Amino acid sequence: MGRTTGTGRGRVAVLALTSVCLAYAPIAFTELWPYARPGAPALGEWLLGRTVSPGFVAEAVRDRTGPYGRSLVPLLVHSVLGGLLMLLGPVQLLTAVRRRVRLHRALGVVFAATVYASMAGAAVYLVRTPPERAFSGAAFWVVLAVILVGTVGSLTLGVLAAYRGFPDLHQRWLLLCYGFLMTAPLLRLEWGFLPALYPGLSLQDVNRVAIMHLGALVSFGALLASRALDRRTSVPGLTGTWAPGPVMVLAHLAGAAGLAALVPAFLDQGAEGRRLLLAHAVPYAVTYAVLAARAAGARRAGNGWAREEWRLHLAALLLAPAFSAVMVPVLERAMGLDRGTALVAAAGIGCGMLAYAAVTVVSLRVLAGRELLRRRAPAPPPVAPVPAPTGAATGEEGR
């Protein structure tokens, strides 16, 4: 596996990730203490009050007090341990890149235990809070639940991959896991700058705008990191492709059909729908352009493995709108949501869930190649039979 720290872009990416994590850690540590003890210092509130307005912060605290009050202790556990994960993540990345194997494994145990404990706190909040009474509403509740499941699932599969001796798959799953964790600091960044783009929006409205693209953003970042760390041009046992031309054509048609269903539905929601559609469509289009360009570049460079992985993720991205369109009526019926709320929730989870599916397919692709090699391996030579013992050896000489 390659080293991202060996390139200028890699150093910049690691530095940016580390800076965001270090900046968010004290915010996570202190964010919920004012709800337990009014007046307690909270760095996040202090920053928001100066970057947006004190009124914006006061309104957010007022709206969150009720939903958070029912599960304050689990949320405190979730938030404090989330701050610890912001510190452990960059350390884990650097130990992996620099091949500090023993330290990486020891910290990995701590990291995994912390993720499970933190997500348990979040799960208690979600279970205790009816979706319609959650902060920012039912759509935000659905997205949080999907992020929780994706975080725990990707961590578990990453741990299993390490246990079974698949470091490349372990790396992909753990990067996706940390991508899901990064939704927390990235959401706080959007709290700071989205009110400047849309003056007058409440924090609840800002959250609804943010969930339109956060899943796509973090999964895209995890993919870029995976590809930067994997410099292989081929993987043993891989032949052909799981994303041939006809599959890509069908994926494009499915994506177009999904967008044809989603776009008018958002436009029917008026000004808010147009705002949400813009927040969803622009990052989606940028992600599509980058994936398509990277796949084409890998083909020109003769890098078969990179091309395969880019195309599998591109196919998943294309299927995301179709998945979201199908999920709208499912969420309406299963959770009793109105159509507008189901639309926002379905669009918010589409790209993240399909990125998870893409990593699953990539993992199966690698495992299938290794299984093919195992079956093609020559059988061991037959063991020569042991000759029968002679009479002298059996004591029959004097008979």
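In which helix is Val-290 found? Val-290 lies in helix α13, helices being DSSP runs (H or I, at least four residues) numbered from the N terminus. The model is predicted, so that local features need pLDDT of at least 70 and side-chain atom pairs count only at pLDDT 80 or more, whereas totals for chains, interfaces and linings use all residues. Residues are numbered from 1 along each chain as its sequence is written, and side-chain values use heavy atoms, with hydrogens and water left out.

With a relative accessibility of 25%, Val-290 counts as partly exposed, the class between buried (under 20% relative accessible area) and exposed (over 50%), for a 1.4 Å probe and protein chains only. Buried residues of α13 include Gly-273, Leu-276, Tyr-284 and Leu-291. The buried residues of this helix pack against α10 (203–210), α11 (214–229), α12 (245–267), α14 (304–335) and α15 (339–376). Gly-302, with a positive phi near 75 degrees, follows α13.

Elsewhere, the axes of α6 (residues 101–128) and α8 (residues 167–181) come within 13 Å and cross at roughly 45 degrees. Axes are lines fitted to C-alpha atoms, for helices over the stretch in contact, and angles run from 0 to 180 degrees between N-to-C directions. The contact (heavy atoms within 4.5 Å) involves His-104, Phe-111, Val-115 and Met-119 of α6 and His-170, Leu-174, Cys-177, Tyr-178 and Leu-181 of α8.

Conventions. Helix = DSSP H or I, 4+ residues; strand = E, 2+ residues; numbered from the N terminus.
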